[in-house]
Amino acid sequence: MRIGSSIFLIAIGAILAWAVTPGLIPYVDQTLIGYILMAVGVIGLIASLILASPGRSRRVSETRSVVDPNTGERITRNDSRDGQF
């Protein structure tokens, strides 16, 4: 879950909990569903902020060795980059 979808869940939950007249949907407690959606949105927002923090970036290093068929020379290539989630 990303930041945008977490904020969306919080907004929909707030609308259901506080702005919609109770009893609009029969046999469903809209206030409880609103609070549940807000809680899930807050948990998702906290998790996405923790995962997006700069301290969690990882570095990927890759080494390849190949023998050039024309010269017989060994070629080693080292790549280092930031990994993506």
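Okay, one cut-off before anything else: a residue is buried under 20% relative accessible area, exposed over 50%, and partly exposed in between. Glu62 has a relative accessible area of 25%, so we call this residue partly exposed. Keep in mind that what you're looking at is a predicted model.

Let's stay with Glu62 for a moment. You'll find Glu62 in strand E1. What does Glu62 touch, leaving aside its neighbours within four places in sequence? The answer is Arg77, Asn78, Asp79 and Arg81. Glu62 also has a salt bridge: its side chain meets that of Arg64, at 2.9 Å, N to O.

How many salt bridges does the count come to? It comes to 2. The other pair to look at is Asp79 and Arg77, whose side chains meet in a salt bridge at 3.4 Å, N to O. Asp79 is partly exposed, because its relative accessibility is 29%. Arg77, on the other hand, is at 51%, so that one counts as exposed. As background, side chains of opposite charge can pair when their charged atoms come close.

Next, the loop between strand E1, residues 59–67, and strand E2, residues 74–82. Thr71 is found there. Buried or exposed, what is Thr71? With a relative accessible area of 54%, Thr71 is exposed.

Now for some distances across the model. Thr71 and Tyr35 are 36 residues apart in sequence, and their C-alpha atoms are 70 Å apart in space.

On to the helices, starting with H1. H1 has 17 residues and reaches 23 Å from its first C-alpha to its last, close to the 24 Å expected at 1.5 Å a residue. Which residues of H1 are buried? They are Ser6, Leu9, Gly13 and Ala17. These cover an arc of only 60 degrees around the axis, which puts them on the same side of H1. If you want the reason for that kind of spacing, an α-helix has 3.6 residues a turn, so residues three or four places apart point the same way. Turn to the other side of H1 and you get Phe8, Trp18 and Ala19, which are exposed. And what do the buried residues of H1 pack against? They pack against H2.

So, H2. Its 22 residues should span 32 Å at 1.5 Å a residue, and the end C-alpha atoms are 31 Å apart, which agrees. Buried in H2 we have Gln30, Gly34, Met38, Gly41, Gly44 and Ser48. Looking down the axis of H2, the buried residues fall within an arc of 130 degrees, so they line one face of the helix. The cover over those buried residues includes H1.

Last stop is the loop between helix H1, 3–19, and helix H2, 30–51, where Leu24 is found. Leu24 is exposed, because its relative accessible area is 60%. Leu24 also belongs to a nonpolar surface patch of about 330 Å², made together with Ile25, Val28 and Ile33.

Methods:
Residues are numbered from 1 along each chain as its sequence is written. This is a predicted model: local features need pLDDT of at least 70, side-chain atom pairs count only at pLDDT 80 or more; totals for chains, interfaces and linings use all residues. Side-chain values use heavy atoms; hydrogens and water are left out. Patches are made of residues with over 30% relative accessible area and no salt bridge: like charges are joined within 9 Å, nonpolar side chains (Val, Leu, Ile, Met, Phe, Trp, Tyr) within 5 Å. Accessible areas come from the Shrake-Rupley method with a 1.4 Å probe; for residues, only the protein chains shown count as cover. A salt bridge is a side-chain nitrogen of Lys or Arg within 4 Å of a carboxyl oxygen of Asp or Glu. Helices (H or I, at least four residues) and strands (E, at least two) are DSSP runs, numbered from the N terminus. Buried means under 20% relative accessible area, exposed over 50%, partly exposed in between (1.4 Å probe, protein chains only). The expected span of a helix is 1.5 Å times one less than its number of residues. The arc is that of the directions from the helix axis to the C-beta atoms. Contact means heavy atoms within 4.5 Å.
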